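Thanks for coming. I will go through one model this morning, and the sequence and structure are on the screen.

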Amino acid sequence: MNRISVAMILTAALASCDGSPSGSDKPAAVATRDPMEAKIDALSPSLQETTMFRAIRDGGYTCQKIVRMKKHEPIDGKATWIAECEDRGQYVIALQPGGIFWVSGVPQPKKH
């Protein structure tokens, strides 16, 4: 009988100790990475640059050549890159769900 009582007490104690921080009823959020981000990361640096160049051009900007580019910390949970073009235009390129890029920037005026 003592064995059953001890086993029941241990079972109850372990059941109440689930490893989560005390006072937290919510499970920890798991960050998910966009599969397209992994594909971009797997590309060579020149192909990554080409991908971002196309995103900038498709966004309607006049970039002729990217002279500097780096991956930035995620913004609002989205993979983000920073690029600068030879005309000094600077762009933030964020990967949206579905493999679509959102481009914002400070483009340089067109030379006439």
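Let me start with how elements are named: helices (H or I, at least four residues) and strands (E, at least two) are DSSP runs, numbered from the N terminus. Glutamine 48, for instance, lies in helix α3.

Before the details, the ground rules. This is a predicted model, in which local features need pLDDT of at least 70, side-chain atom pairs count only at pLDDT 80 or more, and totals for chains, interfaces and linings use all residues. Residues are numbered from 1 along each chain as its sequence is written, and side-chain values use heavy atoms, with hydrogens and water left out.

pLDDT is the predictor's confidence in each residue, from 0 to 100. The protein averages 78, and 68% of the residues score at least 70. Over residues 1-20 the pLDDT stays under 50, and the model has zero contacts there beyond four places in sequence; contact means heavy atoms within 4.5 Å. Where pLDDT is low, the predicted coordinates should not be read in detail.

Now the layout. The protein has three helices and four strands, and from the N terminus on the order is α-α-α-β-β-β-β. I call a residue buried under 20% relative accessible area, exposed over 50%, and partly exposed in between, using a 1.4 Å probe and protein chains only. Of the 112 residues, 20% count as buried.

Back to helix α3, residues 45-58. The expected span of a helix is 1.5 Å times one less than its number of residues. For the 14 residues of α3 that gives 20 Å, and the end C-alpha atoms are 20 Å apart, which agrees.

Which residues of α3 are buried? They are Gln48, Met52, Ala55 and Ile56. These four cover an arc of only 100 degrees around the axis, which puts them on the same side of α3; the arc is that of the directions from the helix axis to the C-beta atoms. The face turned away from that buried side carries the exposed residues Ser46 and Asp58. What covers the buried residues includes α2 (35-42) and the strands β1 (66-75), β2 (78-85), β3 (90-96) and β4 (100-106).

Glutamine 48 has a relative accessible area of 16%, so it counts as buried. Not counting residues up to four places away in sequence, glutamine 48 touches Ile40, Asp41, Leu43 and Met69.

Next, the strands. Two strands pair if DSSP finds at least two bridges between them. β1 and β2 pair in the antiparallel sense over seven bridges, and histidine 72 stands opposite threonine 80 in β2. The hairpin of β1 and β2 has two residues between the strands, and aspartate 76 takes a positive phi near 55 degrees there.

Tyrosine 91 lies in strand β3 and is buried at 1% relative accessibility. Leaving aside neighbours within four places, the contacts of tyrosine 91 include Ile56, Trp81 and Val103.

Last, the aromatics. Rings of Phe, Tyr and Trp (its six-membered ring) pair if their centres lie within 6.5 Å; planes under 30 degrees apart count as stacked, over 60 as edge-to-face and the rest as tilted. The whole structure has two aromatic pairs. In one of them, tryptophan 81 and phenylalanine 101 have ring centres 6.3 Å apart and planes at 70 degrees, so the pair is edge-to-face. The pair links distant parts of the chain, with tryptophan 81 in β2 and phenylalanine 101 in β4, 20 residues apart. Tryptophan 81 is buried at 1%, whereas phenylalanine 101 is partly exposed at 23%.
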